[in-house]
Amino acid sequence: MTDTNPGMQITGKVMQRVRERFAADGSGHGIDHVMRVYRMAVRIAEEESCDTFIVALAALLHDVGDHKLTASGNENHREEIAALLDGTGLSNVQTNQIIDIVEKVSFKGNGVEDAPMPVEGRCVRDADRLDAMGSIGIARAFAYGALKGRPMFDADKKPGSHDNFGDYKKSNSHTINHFYEKLLLLKDRMETAAGKRLAEGRHAMLEAFVSEFLLEWDAEK
Ligand code: ADP
Ligand code: NI
């Protein structure tokens, strides 16, 4: 059966293009991450009064042009998203709404406040952050760390503080530090009702993991 709802048709088209662009990958930023963020963002949006169509598209596009994925290492959301949406029938206003959200989704350092977002953006940002927490978050952190050739842990290297995005991007510490520098801070940055609720269990999982890891590291357990 073909879908006659224009919004659903556009979402389907964008999903197809995103699937072509994001292969299955080992860095935790592949199509599986994108699809989890999409499903979670839409789920969070059901409890908010907002434009679910914009939430769905911004979630599907949230990693397009991310510095972790571009060849140059620079952010390039605007051009890459505009190119991906070309010919889908989305208005300029909607395209700009989505780009504005995606530019503000990323965590930019533990000393950098999150930029204020429209409610649609808050749903996407919380969904992206939930995927950095819990058991999936732990798996993604070590997958990313391994891809970058970083040690799992080094007791002599303490967590750093980053008060600008440039310093945060340059940080190349071991993966346990990433828990202190970002992952364990996410619970208190949640902004939606569902995000706050779901973050509780995922945060507890991160805490339990780090304390077990440190005990086992020292062969104390
Ligand atoms: P954001 O845009 O907020 O960075 P993403 O979903 O694009 O969110 O990717 C963040 C994920 O990438 C982290 O949650 C983690 O799994 C991985 N990651 C990023 N930087 C590091 C790092 N320095 N060490 C380990 N994992 C990292
Ligand atoms: Ni993401």
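Being four residues apart in helix H10 (residues 193-217), Phe209 and Phe213 sit about one helical turn from each other. Helices here are DSSP runs of H or I with at least four residues, numbered from the N terminus. This is a predicted model, where local features need pLDDT of at least 70 and side-chain atom pairs count only at pLDDT 80 or more, while totals for chains, interfaces and linings use all residues. Residues are numbered from 1 along each chain as its sequence is written, chains are lettered from A and ligands numbered from 1 in the order in which they are written, and side-chain values use heavy atoms, with hydrogens and water left out.

The rings of Phe209 and Phe213 have centres 5.8 Å apart and planes at 50°, so this pair is tilted. Rings of Phe, Tyr and Trp (its six-membered ring) pair if their centres lie within 6.5 Å; planes under 30 degrees apart are stacked, over 60 edge-to-face, and the rest tilted. Phe209 is partly exposed at 23% relative accessibility, whereas Phe213, at 12%, is buried. For those words, buried means under 20% relative accessible area, exposed over 50% and partly exposed in between, with a 1.4 Å probe and protein chains only.

By the ring rule, the count is nine aromatic pairs. Another tilted one joins Phe142 and Phe179, with ring centres 6.0 Å apart and planes at 45°. Phe142 belongs to helix H7 (residues 134-147) and Phe179 to helix H9 (residues 175-181), so the pair ties together parts 37 residues apart in sequence. Phe142 is buried at 18% relative accessibility, and Phe179 is buried at 0%.

Ring pairs link Phe142, Phe153, Phe179, Phe209, Phe213 and Trp217 into a cluster.

## How H3 meets H5

Helix H3 (residues 52-61) packs on helix H5 (residues 92-105) at about 55°, with their axes 9 Å apart. That makes H3 oblique to H5. Angles under 35 degrees count as roughly parallel, over 145 as roughly antiparallel, 65 to 115 as roughly perpendicular and the rest as oblique.

On the H3 side, Phe53, Ile54, Leu57, Ala58 and Leu61 meet Gln94, Gln97, Ile98, Ile101 and Val102 of H5, contact being heavy atoms within 4.5 Å. By class, this contact has eight nonpolar, two polar and no charged residues. Nonpolar covers Ala, Val, Leu, Ile, Met, Phe, Trp, Tyr, Cys and Pro, charged covers Asp, Glu, Lys and Arg, and the others, Gly among them, are polar.

Methods
Axes fitted to C-alpha atoms, helices over the stretch in contact; angles between N-to-C directions. Helix = DSSP H or I, 4+ residues; strand = E, 2+ residues; numbered from the N terminus.
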